[in-house]
Amino acid sequence: MQDPTTQPLPADSAAPDLLPSKERRLRLRRWRNLKDGLSRYSVGIGGGGVVFALALMFIYLFSEVAPMFSGADIELRKELNISGLTGAAPADIGYAAVERYEEVGVVYGLNGKATLVDMVNARTRSHIDLPLPTDTTITSFAAGEPRSNVVAYGLSDGSALIAEHAFGLEFEGDVRHINGEIEYPLGKEPVVVDDKGYALTYLAVQKSDTGYAIAARTADGRLLMKVLETSSNFMTGEVEVTPYDVKLSLPPGEIAHMLVDNRLLSLFVFDKQGQMHYYDVSERDPAPLVESVRVVPEGEQVTAAEFLVGTVSLIVGGSDGSVSQWFLIRDDKNIYHPTFVRDFPAHSAAITAIGPEHPRKGFATGDANGNLAIHFATSENTVLERKLFDEPIRHISFTPPNKAMLVVDDHGKAEFYSVDNEHPDVSWSVLWEKVWYEGRSEPEYIWQASSGTDEFEPKYSLVPLSLGTLKAAFYAMLFAMPLAILAAIYTAYFMSPKLRGYVKPTIEVMEALPTVILGFLAGLWLAPYMENNLPAIFSILILMPLAFLIIAGLWQHMPVLVRRTFPPGWEAVALIPIIFLVGWVCVVMSPYVELWFFDGSMRQWLTDVGITYDQRNAMVVGVAMGFAVIPTIYSIAEDAIFSVPKHLTQGSLALGATPMQTVVGVVLPTASPGIFSALMIGFGRAIGETMIVLMATGNSPIMNFNIFEGMRTLSANIAVELPETAVHSSHYRILFLAALVLFIFTFIINTVAEVVRQRLRRRYASL
């Protein structure tokens with residue numbers, strides 16, 4: 001007989017209490033769908049917000065970097081007739097300059113007058129008659145480095161008059177007035193250069209910290225040089241001059257140009273056959289002709305030559321339109337040789353004028369067709385090329401801040417330009433290629449952004465900083481990766497749950513330790529300690545793992561009763577005394593090891609075998625930053641290993657595999673996506689770490705992977721230099737570029753990590 005409880009109810013007799021239950025389920029389903037939708041959109045909006053924030057960061061960094069790679073431009077502000085303003089014929093214009101406020105200019109004429117020019121209204125302010133002897137004529141003219149404001153007139157009686165222009169400021173209320181005057185630092189009496197009284201037909205003048213120097217070729221074909229050392233009487237203020245004659249041999253060719261450096265150590269003479277002759281005038285009796293080199297192609301002549309700021313680099317222009325840079329390089333015997341460094345794009349006609357910038361290594365060149373080009377030496381940049389005149393350009397002069405430029409042609413016509421040329425010192429080659437800097441024997445990667453002098457040549461190579469970033473991260477990962485991964489494997493798979501409950505939170509709490517504390521300890525305690533106990537450090541690295549293996553082997557042969565003293569999963573506790581014992585023995589034996597094997601000092605032994613050792617080095621950074629990275633890697637990797645499904649490990653053990661075989665063959669492949677993510681996240685954190693590397697590396701931007709030397713990373717460099725740099729300067733924007741490079745580094749690392757993780761996940765998804 002059928003159970004009445006199993007018989008279906010008639011359609012018209014459905015239980016009324018089932019209908020509310022069905023409606024509740026529908027309402028719950030709608031509510032669940034609503035929550036799922038809200039969650040989905042919230043996660044999507046959050047993810048999109050993160051991407052949007054990253055995009056804004058990239059856009060901001062790029063907006064600060066992009067102006068560095070824009071070109072230069074000039075804008076005509078004023079046209080002047082220099083001949084009309086000065087009363088001198090176009091051929092008699094010797095030198096022109098404009099002060100930093102661009103209101104007053106000075107023009108030296110070969111008619112014996114200096115003229116002050118109102119640059120705003122294009123009119124003459126005043127003519128100044130130079131104190132030249134009435135019975136002499138001007139036979140030559142020379143100007144020193146633009147910053148010195150010094151010029152010299154060579155006279156027909158073998159003497160020379162040295163003059164300097166100076167500009168002063170006065171204020172009447174809020175109105176600024178600029179006054180110009182001509183000064184005579186050695187007095188108004190000309191200095192006798194040639195005792196025989198022959199006319200000085202070619203001249204060079206230079207000012208130094210100790211005095212002045214004049215080099216001259218006389219009408220009878222001799223080469224002379226007089227050094228005038230000056231000292232000021234601190235009681236009376238009177239300037240005392242001590243003259244010295246430098247004996248020089250005449251170069252083989254006919255002289256065309258001469259230049260003296262501002263240390264008064266070198267004289268460069270250019271002849272009409274295209275050669276440059278270098279004299280070492282630090283040796284005065286006599287000064288040797290060290291070397292003669294050809295600086296323009298065979299058959300061409302040197303038509304212009306000038307020093308860049310600092311008088312280290314020479315810019316040479318040829319009759320073929322070539323422009324090249326030269327400076328002195330010291331060889332193994334401590335002898336300097338003039339060396340070709342780099343070429344710049346050639347002009348279509350002979351170079352007739354070179355105008356160096358004041359506080360940096362830029363310059364402009366003009367040719368016989370009236371074409372102008374603006375270059376920068378270090379970056380090998382030609383930032384502007386433009387035709388200005390139909391006549392040859394005779395003179396080019398920059399204002400001290402390089403914001404304006406005066407260009408004079410061969411007919412006495414002058415044009416005054418505003419110059420927009422903010423970042424000529426930045427180029428791809430400066431940032432990422434080897435650059436030949438002044439005073440260096442070969443091209444190198446160097447970061448040295450500032451110095452205490454305007455003569456300094458900034459060095460902006462990002463290669464040492466990028467390599468230092470990778471170096472710091474590499475040694476940190478080399479220390480942290482095996483410890484974190486092996487600890488994660490043991491904790492997740494072999495350790496007892498109770499002990500794991502103590503160990504895992506303890507390690508994760510380490511992540512909350514401020515890295516500035518780790519950097520402080522690493523720089524002030526760990527670095528000196530490691531330096532004084534190098535044998536102990538290396539003994540621990542070798543003996544500690546060896547001691548673990550020995551203890552593990554002995555443990556397997558211990559009686560069962562002994563092994564049962566530690567419950568399963570608590571065996572690691574037995575290693576704690578071993579760790580302290582081995583560490584103590586290594587430290588105690590360290591002095592004896594140094595005496596037995598390293599003659600009492602392992603650091604000195606390393607130096608003797610050619611290995612540089614710095615106290616704050618990559619080994620210190622590896623240990624300190626490794627401790628900062630270990631909790632991140634350990635926590636993520638341990639979670640990934642612990643999350644491996646139990647049926648996989650139990651199935652492997654049931655089939656006869658040992659626990660270690662199960663770990664290697666089942667657990668690690670299954671958890672590999674998470675382990676790889678842990679490593680990449682740890683690596684990304686090491687790439688961006690700032691405080692530890694700032695305090696523990698020595699901040700030396702060097703190019704090597706030596707574990708005993710320091711480094712400078714991108715992040716530490718930004719932290720050190722950004723507060724000190726001028727806003728919107730090249731240095732400032734390059735630091736933003738360093739931040740952009742660091743941003744790209746981490747983006748690439750995270751992208752690669754995600755791609756590899758997804759592939760590993762698909763590969764082992766079937767397990």
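Me: Let's start with Tyr278: buried or exposed?
Reply: Tyr278 is buried, at a relative accessible area of 3%. Buried means under 20% relative accessible area, exposed over 50%, and partly exposed in between, with a 1.4 Å probe and protein chains only. Bear in mind that this is a predicted model, where local features need pLDDT of at least 70, side-chain atom pairs count only at pLDDT 80 or more, and totals for chains, interfaces and linings use all residues. Residues are numbered from 1 along each chain as its sequence is written, and side-chain values use heavy atoms, with hydrogens and water left out.

Me: Thanks! How many aromatic pairs are there?
Reply: The count comes to 25 aromatic pairs. Rings of Phe, Tyr and Trp (its six-membered ring) pair if their centres lie within 6.5 Å; planes under 30 degrees apart count as stacked, over 60 as edge-to-face and the rest as tilted.

Me: And what kind of pair do Phe268 and Tyr278 make?
Reply: They are stacked, because the ring centres of Phe268 and Tyr278 are 5.5 Å apart and the planes are at 25°. Phe268 sits in strand 16 and Tyr278 in strand 17 (residues 275-280), so the pair ties together parts that are ten residues apart in sequence. Strands here are DSSP runs of E with at least two residues, helices are runs of H or I with at least four, and both are numbered from the N terminus. Phe268 is buried too, with a relative accessible area of 3%.

Me: What about Phe598 and Trp605?
Reply: That aromatic pair is edge-to-face, with 5.0 Å centre to centre and 70° between the planes. Phe598 is buried at 16% relative accessible area, while Trp605 counts as partly exposed at 34%.

Me: Switching topic: where is the kink in helix 11?
Reply: It lies at Phe627, is about 35°, and comes shortly before the proline Pro631. The bend at a residue is the angle between axes fitted to the seven residues ending there and the seven starting there.

Me: Is helix 11 largely enclosed or exposed?
Reply: Helix 11 is largely enclosed by the rest of the structure, because 21 of its 25 residues are buried.

Me: Nice. Which loop holds Leu264?
Reply: Leu264 lies in the loop between strand 15 (255-260) and strand 16 (266-271). Leu264 has a positive phi of about 60° although it is not a glycine, and at 7% relative accessibility it counts as buried.

Me: And Asn149, where is that one?
Reply: Asn149 is in the loop between strand 6 (138-143) and strand 7 (150-155). Its phi is near 60°, a positive value in a residue other than glycine, and at 24% relative accessibility Asn149 counts as partly exposed.
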